[in-house]
Amino acid sequence: MSTVAAPAYRSFLSVEDLLGGKGVLKPTPRSPLDWVALVRHGLPSAAVDALSRAVRITQAELAGALGIPERTLARRKREGLLNSEESAKLVRLARAVERAEEVFEDFDVALNWLKSSNAALAGATPLSLLDTDIGAESVVDTLGRIEQGVFA
């Protein structure tokens, strides 16, 4: 009798995990509309530290990737809450990291890709483009092309 091995279950980091999980995000978002409410209210500043640790970049690098002055991030950390625009940028970056990990099926490979210059993105690093909606769309589009085998 032949047995077929069950496919290995691969657990990827979610946006929630990247932003600190239940310990940081209260209440925990369960739907896209929960995320809208959370972003409008403002994410706890602890989410900045959580994402910085997860993506293994400095606060200065994170500030650059978000398009938020480093001094502003430091001030928000003291205040304890990001404003809605800053929160949206942080979620956008976390969503791009999540998508990269889904495509590459390996967190370290995804981070390396995000931090490396990319010919498909005019030589820019994907991380450097995430400070704008158009840049983030280009990164996600490129990930989709990689997933479909258009780019190696």
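Start with the whole chain. The protein has 152 residues, and a compact globule of that length would have a radius of gyration near 15 Å; the value here is 17 Å, which agrees. Keep in mind that you're looking at a predicted model. Turn the view along the principal axes, and the C-alpha atoms fill a box of roughly 60 × 40 × 25 Å.

Next, switch to cartoon view.

Now show contacts. Take those with a separation of 6 or more: residues 24 or more positions apart account for 57% of them.

Time for the surface. How much of the protein is buried? Of the 152 residues, 42% are.

Colour the charged side chains next. You'll find 18 positive and 20 negative ones, and the centres of the two sets lie 6 Å apart.

Last stop: the rings. The aromatic pair count comes to 1. Select Phe104 and Trp113 to see this pair, with 5.6 Å centre to centre and 45° between the planes, so it is tilted, falling between the 30 and 60 degree cut-offs. Are the two partners buried or exposed? Trp113 counts as buried because its relative accessibility is 12%, under the 20% cut-off. Phe104, at 23%, counts as partly exposed.

How values were computed. Residues numbered from 1 in each chain as written. Predicted model: local features only at pLDDT ≥ 70, side-chain atom pairs only at ≥ 80, totals over all residues. Heavy atoms only, no water. Rg over C-alpha atoms; globule rule 2.2 N^0.38 Å. Buried < 20%, exposed > 50% of the residue type's maximum accessible area, 1.4 Å probe, protein only. Contact = heavy atoms within 4.5 Å. Lys, Arg positive; Asp, Glu negative; His and termini not counted. Charge placed at Lys NZ, Arg CZ, Asp CG, Glu CD. Phe/Tyr/Trp six-rings, centres within 6.5 Å; stacked < 30°, edge-to-face > 60°.
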